[in-house]
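Reader: Please take me through the features of this model one at a time, giving the general idea before the particular case.

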Amino acid sequence: MANSLRGEVLNLYKNLLYLGRDYPKGADYFKRRLKNVFLKNKDVKDPEKIRELIARGEFVMKELEALYFLRKYRAMKQRYYSDTKDT
């Protein structure tokens with residue numbers, strides 16, 4: 001049954017790797033950390049534990065997306081709204 005989750009794990013890894021390209025500390029930093037986390041859990045065989053780890057990875061993915069959208073929003077806000085106050 002653990003083999004049936006292999007595709008989900010690989011898909012999660014690919015998606016996180018793609019999102020890591022824009023990581024604030026750099027893509028190399030993110031790639032190293034991601035690889036270490038996946039290697040740390042490579043011996044997990046319990047399907048329920050694997051599902052928990054996949055859910056955790058999906059949560060991290062959503063958090064990264066939120067971080068990027070917030071950064072994009074802030075950059076656009078700075079471009080279109082000046083913070084200069086006329087007093």
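Author: Let us begin with contact, which means heavy atoms within 4.5 Å. The model is predicted, so local features need pLDDT of at least 70 and side-chain atom pairs count only at pLDDT 80 or more, while totals for chains, interfaces and linings use all residues. Residues are numbered from 1 along each chain as its sequence is written, and side-chain values use heavy atoms, with hydrogens and water left out.

Reader: Which residues does Phe30 touch, apart from those up to four places away in sequence?

Author: Phe30 touches Leu16, Gly20, Tyr23 and Leu64.

Reader: What does the record annotate here, and which residues does the annotation cover?

Author: An unreviewed UniProt entry carries the annotation "domain: Complex 1 LYR protein" for residues 8-61; such positions are given in the numbering used here, feature names are shortened, and annotations may be inferred rather than shown by experiment. In the model, residues 8-61 are 76% helix and 0% strand, and their end C-alpha atoms lie 14 Å apart. Helices (H or I, at least four residues) and strands (E, at least two) are DSSP runs, numbered from the N terminus.

Reader: How many residues are in the largest nonpolar core?

Author: In soluble globular proteins, nonpolar side chains tend to be buried together. A nonpolar core is a set of buried Ala, Val, Leu, Ile, Met, Phe, Trp, Tyr and Cys residues joined through side-chain atoms within 4.5 Å, where buried means under 20% relative accessible area, exposed over 50%, and partly exposed in between (1.4 Å probe, protein chains only). The largest one here has 8 residues, namely Leu12, Leu16, Leu19, Phe30, Leu34, Met61, Leu64 and Tyr68.

Reader: Are Leu34 and Tyr13 buried or partly exposed?

Author: Leu34, in helix α2, counts as buried because its relative accessibility is 8%. Tyr13, in helix α1, has 21% relative accessibility and therefore counts as partly exposed. Although Leu34 and Tyr13 are 21 residues apart along the chain, their C-alpha atoms are separated by 8.0 Å. Beyond four places in sequence, Leu34 is in contact with Tyr13, Leu16 and Leu17, and Tyr13 touches Leu34, Lys35 and Phe38.

Reader: At roughly what angle do the axes of α1 and α2 cross?

Author: Axes are lines fitted to C-alpha atoms, for helices over the stretch in contact, and angles run from 0 to 180 degrees between N-to-C directions. The axes of α1 and α2 come within 10 Å and cross at roughly 160°, and these helices are therefore roughly antiparallel. On the α1 side the contact includes Val9 and Leu12, and on the α2 side Lys31 and Phe38.

Reader: At roughly what angle do α1 and α3 cross?

Author: Their axes come within 10 Å and cross at roughly 20°, so α1 and α3 are roughly parallel. Angles under 35 degrees count as roughly parallel, over 145 as roughly antiparallel, 65 to 115 as roughly perpendicular and the rest as oblique.
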